[in-house]
Amino acid sequence: MTDPMERIEWAALERTLGVRFNECGLLRQAVIHRSYLNEQDDSELASYDRLEYLGDAFLGWVVAAELYDRYPHYDEGQLTRARAALVRGETLAEIARSIGLGAYLLLGQGEEAGGGRDRPRTLAAAVEALLGAVLLDQGAEAARSLVLRWLGPRMQAMGDAGAERDAKSALQELLQGRGLPLPVYETLSDAADPQDRSFTVRVLIDGRSMGEGSGRRIADAEQSAAGEALAALRSGA
């Protein structure tokens, strides 16, 4: 049986990233989902979890610093909203899809069958893991350049107006403007695995379910649910 790692065109992934790795093991680790390890005998393999942690922290710092320098007129609230919009899971998943990252992921059979290759949370985590791998292998400047290549156009598009208000705030303002009750958020499910925790939340408006969302944090799930409710209300639902 062919080793899944041997089927991956690592050089193609390096060309997509614009990085030639010195330590190839870091690149490989960055695409290994923990579910893959459950089906392997190689005890030396590691998932991308630790790299994701590192990439997440570095990504937040680079985006915060770049926004601070690029938009000196933004106040703290504008900076916070802009950063949140740029580093949220949905944005990172879009980046992953734009570079075809899903095709390179190493997944367990169950995760593969469950659509893990295009799951936003998995794609976002893999983007952060790749960034962590580049940081360790190439250094901070190379990793920063990668962040700006991915997110620079989005930063530029924000311009003087900054990021739109977050979905929860926008939903509350819309409801208040229409004289409707404030939204109520309910947690529907909580995947308790500490290594792969996720939440599903729904938003109720005047007792009626208007949207559902999922995320690694309750706050992210609530924002996603609020976004669905906003779209429904604006379309006349």
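These legends accompany close-up views of a predicted model.

**View 1. Confidence along the protein chain.**
The model is predicted, and the mean pLDDT of the protein chain is 88. Of its residues, 94% reach 70 or more. Helix α1 (residues 4-7) has the lowest confidence, with a mean of 74. Helix α5 (residues 49-70) has the highest, at 96.

**View 2. The largest nonpolar core.**
This core has 54 residues. Leu-17, Leu-101 and Leu-151 have the most contacts inside it. Several helices each supply at least two of its residues: α2 (10-17), α3 (24-29), α5, α6 (76-87), α7 (89-98), α9 (120-138) and α10 (140-158). Helix α9 gives the most, with eleven residues. In soluble globular proteins, nonpolar side chains tend to be buried together.

**View 3. Surroundings of Leu-151.**
Leu-151 is one of the residues with the most contacts inside the largest core. Residues up to four places away in sequence are set aside here. Leu-151 then touches Leu-59, Val-63, Leu-86, Thr-91 and Ile-95.

**View 4. The second core.**
A second core is separate and has 17 residues. Its members include Val-201, Val-203, Ala-226 and Ala-229.

**View 5. Helix α9, largely enclosed.**
Of the 19 residues of α9, 15 are buried, so the helix is largely enclosed by the rest of the structure. Its length also fits expectation: at 1.5 Å a residue, α9 should span 27 Å, and its end C-alpha atoms are 27 Å apart. Gly-139 follows the helix. The phi of Gly-139 is positive, near 100°.

**View 6. Helix α2 and its packing.**
Trp-10, Ala-12, Leu-13, Glu-14 and Leu-17 are buried in α2. The buried residues of this helix pack against α1, α3, α9 and α10. Leu-17 is also among the residues with the most contacts inside the largest core. Just after α2 comes Gly-18, with a positive phi of about 75°.

**View 7. Asn-22 in the loop between α2 and α3.**
Asn-22 lies in the loop that links α2 and α3. It counts as exposed, because its relative accessibility is 64% and the cut-off for exposed is over 50%. Neighbours within four places in sequence are left aside for its contacts. Asn-22 then meets Asp-137 and Gln-138. Val-134 is 112 residues from Asn-22 in sequence. Their C-alpha atoms are 9.8 Å apart in space.

Strands β2 and β3 (residues 208-215) pair in the antiparallel sense over seven bridges. Phe-199 has Gly-215 as its bridge partner in β3. Val-201 is partnered by Gly-213.

Asp-206 sits in the loop between β2 and β3. Its phi is positive, about 55°, although Asp-206 is not a glycine. Most residues other than glycine have a negative phi. Asp-206 has a relative accessible area of 60%, so it counts as exposed.

**View 8. Thr-200 in β2.**
Thr-200 belongs to strand β2. The side chains of Thr-200 and Ser-214 make a polar contact at 3.1 Å. Neighbours within four places in sequence are again left aside. Thr-200 is then in contact with Glu-186, Thr-187, Leu-188 and Ser-189, and also with Glu-212, Gly-213 and Ser-214.

**View 9. Asp-220 in α12.**
Asp-220 is found in helix α12 (residues 218-234). It counts as partly exposed, because its relative accessibility is 30%. Ser-214 and Gly-215 are its contacts once neighbours within four places in sequence are left aside. Gly-215 is also the bridge partner of Phe-199. Asp-220 and Thr-200 are 20 residues apart along the chain. Their C-alpha atoms are separated by 9.4 Å.

Note on methods
Residues numbered from 1 in each chain as written. Predicted model: local features only at pLDDT ≥ 70, side-chain atom pairs only at ≥ 80, totals over all residues. Heavy atoms only, no water. Pairing = 2+ DSSP bridges. Helix = DSSP H or I, 4+ residues; strand = E, 2+ residues; numbered from the N terminus. pLDDT = per-residue confidence, 0-100. Core = buried A, V, L, I, M, F, W, Y, C linked by side-chain atoms within 4.5 Å. Buried < 20%, exposed > 50% of the residue type's maximum accessible area, 1.4 Å probe, protein only. Contact = heavy atoms within 4.5 Å. Polar contact = N/O pair within 3.5 Å; in protein donor to acceptor, adjacent residues only side chain to side chain. Expected span 1.5 Å × (residues − 1).
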